[in-house]
Amino acid sequence: GCVLVVSVIEQLAQWHNSTVKAAVERLCNYIPGKYQIIRHMLCRIDKEMNADVVCHSLKLCKQDPGQPLCHLYPPPKREKHSPGLFYAPAHAGQKWQIISAHSSPICYFGFSSVCAFPLLANLCEKIKYVIRNKLPFEDFDGDKFSTFPTLRGYHWRGRDCDDKNTTMYPGRRPDNWDVNSDSNCNGIWGVDPKDGIPYEEKFCKGADSQGVVLLGDSAGAHFHIPPEWMTVTEMSAKSFANLPMAFTDELDWPQFSEITGFLNSTIGGWTDSLYLRLRQRNRCNHRDLQNISQNGITYFPINIAAYLSFSLARNQLLDYPAIVIYATIGNDVCNGNRDTLAHMTTPKEMLSNVMQALRYLDTRLPNGSHVILTGLVDGRFLWDNLHDRYHPLGQLNRDVTYSQLYSFLNCLQVSPCSGWLTPNETLRNLTSERALQLSNVLKEIATSEKFANFDIFYMDFPLRQTAEEWRKMGGQPWQLIEPVDGFHPSQIAAALGTSITWRKALHEWPHVLGKENPFNHQIEAIFKDQGGH
């Protein structure tokens, strides 16, 4: 984190031909007020020191004994060092190390946690809560739905229409056809004065209403770091306007995601989601969505039943059926360990984990639900299409490629996927081989297992088809990958993936999607006449 921030500062100074101090001030003026704590991190930057040197001198980066020295940039020449900071020969097998001849008590403070700062402590506690529980922080009635957008609020689940009434929430069957109130929050309630029939009964009875639930990882949560945060040629105050929202959504953007997206994308591309298509097919499905995904989640060895029971909002007796997408497309083979193969989920573990989750879902999902198991991605696509391209941090000076970024993250043992983000072709192939084995486990489950309350299907992750369609549209494969982390599917990939998944479902499992509601146009017309109510 330090290296990334200092890199931006130095490039801002270069781009605007200013001092580093002026660049720090410029960046601080870009960042919303309560996040200006960054100023304290940057008081020791010297224009002649690269980001690796600065961060080691601040002691925000350190080298553990016996470990390699991790650096993003090539070592600078000695004459460019600031006084008291220099490189010296290290032990055998290591080319250089950073030595500081003096410390800076004014600038250095125990950076054990950014949450130590009073301005951020309350925010950190909120973020810790939602990461731990995968539930809305602001939920006054405890029904697992919220009227607040972030901190696992309605960006992640359908918006609650009454956060003081536990019997009113998205996805439930209407109470007395919602004559007096909108118990399922789909916006349809009251009685038609022309014939005395409740609107919910008239328009939604027998309409195959159902929700959509995603059980996923960071790809499903739609992890995204805006490239304009790191591209100084495009940087302005407007670039950071979404910073508070991004942090309180864990740097995820589920409101634009492939399965549960519902807002027009503001991060490039366009929004197309399974939820939007189900809603277009049947307007009664409005707001019935849940994105239960987490960055870095792997279902081994945690207790998946406990994980779901605490996070899933579905009542088997009171609620509508749901389409559940089970999509951990990479985390069972992705980790940051140097011995990455030893930390991958095995086929035996995969079978146990998924069956445990499915048995639990069978006790919670209303009858008539559907479960779709999504296979793992072939992540060799990442190295093949990005390794020799310049990362946003390296575009100004053409000095940081994705290959360098991957090596830096691997050295720090914080790579999102050591098995695929590596120059080691053998390791990339072995990682894809394990991913295929785990996908075959899912395929076998979908073929052989039966459950009382849902049917089950399997589909491959459609990366190859997505790339082919994007090429036909004139795009390049690298545009399907998030530019900053070089790992997750981009907004374009998410939207195209939705289209491919929908076509497959229409062709192979049309009953899963439910029938088209013939009253959709009437519902929308009444909404417009009544000002949206």
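Me: Which residues in helix 2 do Val8, Ile9, Leu12 and Ala13 in helix 1 meet?

Reply: This is a predicted model, in which local features need pLDDT of at least 70, side-chain atom pairs count only at pLDDT 80 or more, and totals for chains, interfaces and linings use all residues. Residues are numbered from 1 along each chain as its sequence is written, while side-chain values use heavy atoms, with hydrogens and water left out. Helices (H or I, at least four residues) and strands (E, at least two) are DSSP runs, numbered from the N terminus. With contact taken as heavy atoms within 4.5 Å, the partners of these four in helix 2 are Val20, Ala23, Val24, Arg26, Leu27 and Tyr30.

Me: By class, how many nonpolar residues does the contact of helix 1 with helix 2 have?

Reply: Ala, Val, Leu, Ile, Met, Phe, Trp, Tyr, Cys and Pro count as nonpolar, Asp, Glu, Lys and Arg as charged, and the others, Gly among them, as polar. On that division the contact of helix 1 with helix 2 has no polar residues and 1 charged residue, and its nonpolar residues number 9.

Me: At what angle do helix 1 and helix 2 pack?

Reply: Axes are lines fitted to C-alpha atoms, for helices over the stretch in contact, and angles run from 0 to 180 degrees between N-to-C directions. Angles under 35 degrees count as roughly parallel, over 145 as roughly antiparallel, 65 to 115 as roughly perpendicular and the rest as oblique. Helix 1 and helix 2 are therefore roughly perpendicular to each other. With residues 2-15 forming helix 1, residues 20-30 forming helix 2 and the axes 8 Å apart, the packing angle is about 110°.

Me: Which strands stand at the edges of the open sheet, each with a single partner strand?

Reply: The open sheet is formed by 5 strands in the order 4-3-5-6-7, with parallel pairing, where two strands pair if DSSP finds at least two bridges between them. Each edge strand has a single partner, so one side of each is left without a neighbour in the sheet, and these edge strands are strand 4 (289-293) and strand 7 (454-459).

Me: Which residue in strand 4 is the bridge partner of Val212?

Reply: Strand 3, which covers residues 211-216, pairs with strand 4 in the parallel sense over 5 bridges. In strand 4, the bridge partner of Val212 is Leu289.

Me: At what angle do helix 11 and helix 14 pack?

Reply: Helix 14 (residues 425-448) lies across strand 6 (369-374) and strand 7, and runs at about 145° to strand 7. Against helix 11 (residues 347-364), the axis of helix 14 is 9 Å away, and the two helices pack at an angle of about 40°.

Me: How far apart are the centres of the rings of Trp229 and Phe240?

Reply: The structure holds 11 aromatic pairs, where rings of Phe, Tyr and Trp (its six-membered ring) pair if their centres lie within 6.5 Å, and planes under 30 degrees apart count as stacked, over 60 as edge-to-face and the rest as tilted. The planes of Trp229 and Phe240 are at 15°, so the pair is stacked, and the ring centres lie apart by 6.0 Å.
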